[in-house]
Amino acid sequence: MTKKEFASYIDHTLLNTEAGVKDIMKLCQEAVSYEFASVCVNPIYVPLAVSELENTNVKVCTVVGFPLGASTTVDKVHETKTAIKNGADEIDMVMNIGAAKDGRYSLVSSDIAAVVKCARKEGKKLNKQIIVKVILETCLLDDYTIGNCCLCAKKAGADFVKTSTGFANPKSTDGNLLPNGASEYHVKLMKKIVGSDMKVKASGGIRSTKMALTMIAAGADRIGTSNGVSIMENFVE
């Protein structure tokens, strides 16, 4: 894999609460320099990212229902519509995690489908394809639920399933924090379920070149990380 090919997997991400204008501008400059697939920013910064990335090949990705997934479907659709009007090319939505854990998969699917429908409609107006990625928050789910949620996303017409927000705080029965990001196991599981019909994005806790390459080998088509620069600097063709 060449360095350019490796860079094309990365969604250069900055979703921190304290991120400011200068931080987003720097993120965009780095994305252009390394030729990343996209920058992933909070909705408030979509117009700025669009402006900074004008006339480049770097896409603008934003989040919807983030990070809990507990917004109403109406709110998620409104967020999606606004983001696309502001110039977003890709939408990373958090599914209804509570409904998934309850086994209410029809609600999970309809929630995703509404966002996908909005993205397709708004994208058509602009003559562009909007990519929709569905965040499952795999650290909170068992394999059976992950499988069903992947099928919900597939049924709803989404383009990707994505592992994590990176903001979850799973705990063991004794109260100790557990891993909250992407794992090789979950990426392989998700890819096995969706097959060639959908893509998989690994995100959450991917801080090294080795881990990024492991995720790609496991079946990830995109890597969401806030450590894109250091990951690229340590990549050897």
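**Exercise 1.** Find where Asn127 lies and state whether Asn127 is buried or exposed.

*Solution.* Asn127 sits in the loop between helix 6 (105-125) and strand 5 (131-135). Helices (H or I, at least four residues) and strands (E, at least two) are DSSP runs, numbered from the N terminus. The model is predicted: local features need pLDDT of at least 70, side-chain atom pairs count only at pLDDT 80 or more, and totals for chains, interfaces and linings use all residues. Residues are numbered from 1 along each chain as its sequence is written, and side-chain values use heavy atoms, with hydrogens and water left out. The relative accessible area of Asn127 is 74%, so Asn127 is exposed (buried means under 20% relative accessible area, exposed over 50%, partly exposed in between, with a 1.4 Å probe and protein chains only). Asn127 is not a glycine, yet its phi is positive, about 60 degrees. Most residues other than glycine have a negative phi.

**Exercise 2.** State whether Glu137 is buried or exposed, and give its phi.

*Solution.* Glu137 belongs to the loop between strand 5 and helix 7 (143-156). Its phi is near 65 degrees, a positive value in a residue other than glycine. With a relative accessible area of 2%, Glu137 is buried.

**Exercise 3.** Locate Pro67 and describe the peptide bond from Phe66 to Pro67.

*Solution.* Pro67 is in the loop between strand 3 (59-64) and helix 4 (73-85). The bond from Phe66 to Pro67 is cis, with omega near 0 degrees. Most peptide bonds are trans.

**Exercise 4.** Describe how helix 8 and helix 9 pack.

*Solution.* Helix 8 (residues 184-194) and helix 9 (residues 209-218) have axes 8 Å apart, at an angle of about 25 degrees. Axes are lines fitted to C-alpha atoms, for helices over the stretch in contact, and angles run from 0 to 180 degrees between N-to-C directions. The two helices are therefore roughly parallel to each other (angles under 35 degrees; over 145 is roughly antiparallel, 65 to 115 roughly perpendicular, the rest oblique). Helix 8 contributes Glu184, Val187, Lys188 and Lys191 to the contact, and helix 9 contributes Thr214, Met215 and Ala218 (contact means heavy atoms within 4.5 Å).

**Exercise 5.** Give the helix and strand counts, the span and the buried share of the chain.

*Solution.* The chain holds 10 helices and 8 strands. Its C-alpha trace spans about 45 × 40 × 35 Å along the principal axes. Of the 237 residues, 50% are buried.
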